[in-house]
Amino acid sequence: PNLLTTGSLFAGFYAIVAAINGRYEPAAISIFVAMFLDGMDGRIARMTNTQSDFGAEYDSLSDMVSFGLAPALVVYQWVLVDLGKIGWLCAFVFTSSATLRLARFNAQASVADKQYFQGLPSPAAAAVIAGIIWFIESYSLKPDFAVMPVLFCVTIVMALLMVSNIRYYSFKEFDLRGRVPFVSVLAIVLGFVLISLDPAAVLALSFVAYAASGPVITLMQIRQRRRERKQVSKSSRDAA
């Protein structure tokens, strides 16, 4: 598992180097590679029963580089640099939010609900930014003044979602070691097919949808609770 964590760290570091050299598409792809390796190291550690405190801390430090620092520097080099001080401050807000998100996750790891994440996970936030950059670069489009405010807003929104209390489904209950439903296998196959058609577009849309799912579900739950309270209040008045 620690070798996979090192691979994730290397991919994040390479994304920074590629962005400095003006190679933004490989930089964005490297962030997705880091995310894949980061997802594998924890699962392999649990499957092989090799979890350790060292591995957990090493994984968090790697995540800080790959999903906190790397996406912020890539998006800054790609488009936010033209905004001057506001641009690098925006990138810093993302990095600091990812740091706070990881610190909160480590502090609450023993008591947190394993089914949900509190706040948008930093790999998903990084994937939203990297996916947009990869999509635009894959079609040989150049960022213009229309793209600049969009990426600025996306970066800030992802930062705020990371430090929010909005819950996101963790998918940790999906266990490949046991019996896997046929529908799940079919969904995985269809997912690979869609990704192979246009990786940049499919991954960007998928993670944008995941980032939006938290606020949408939260609003739906708030409306449902308000409706239930009204029904209880109405029932109490009728009984009186």
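Valine 189 is partly exposed, with a relative accessible area of 44%; here buried means under 20%, exposed over 50%, and partly exposed anything in between, using a 1.4 Å probe and protein chains only. This valine 189 sits in helix 7, which spans residues 182–197. Helices are DSSP runs of H or I with at least four residues, strands are runs of E with at least two, and both are numbered from the N terminus. Keep in mind that this is a predicted model, where local features need pLDDT of at least 70, side-chain atom pairs count only at pLDDT 80 or more, and totals for chains, interfaces and linings use all residues. Residues are numbered from 1 along each chain as its sequence is written, and side-chain values use heavy atoms, with hydrogens and water left out.

Val189 also belongs to a nonpolar surface patch of about 440 Å², together with Val185, Val193, Leu194 and Leu197. A patch is built from residues with over 30% relative accessible area and no salt bridge, joining nonpolar side chains (Val, Leu, Ile, Met, Phe, Trp, Tyr) within 5 Å and like charges within 9 Å. The areas come from the Shrake-Rupley method with a 1.4 Å probe, and for residues only the protein chains shown count as cover. A salt bridge, in turn, is a side-chain nitrogen of Lys or Arg within 4 Å of a carboxyl oxygen of Asp or Glu.

Next comes a charged patch. Arg223, Arg225, Arg226, Arg227, Arg229 and Lys230 gather on the surface as a patch of positive charge. In this count Lys and Arg are positive, Asp and Glu are negative, and His and the chain ends are left out; each charge is placed at NZ of Lys, CZ of Arg, CG of Asp or CD of Glu. Arginine 225 is part of helix 8, residues 199–239, and is partly exposed at 42% relative accessible area.

Helix 8 also holds alanine 201, which counts as buried because its relative accessibility is 15%. Alanine 28 and phenylalanine 135 are 107 residues apart in sequence, yet their C-alpha atoms are 9.3 Å apart.

A loop residue is worth a visit too. Valine 163 lies between helix 6 (147–162) and strand 2 (167–169), and is partly exposed at 33%. From valine 163 to proline 71 the C-alpha distance is 17 Å, across 92 residues of sequence.

What about the cysteines? The structure holds zero disulfides, a disulfide being a pair of cysteine sulfur atoms within 2.5 Å. Cysteine 90 has the sulfur of cysteine 153 as its nearest cysteine sulfur, 8.5 Å away, so the two are too far apart for a bond. Cysteine 90 is buried at 2% relative accessibility, whereas cysteine 153 is partly exposed at 44%.

Stepping back to the whole chain, there are eight helices and two strands, following the pattern α-α-α-α-β-α-α-β-α-α along the sequence. The C-alpha atoms fill a box of roughly 75 × 45 × 35 Å along the principal axes, and 37% of the 240 residues count as buried.
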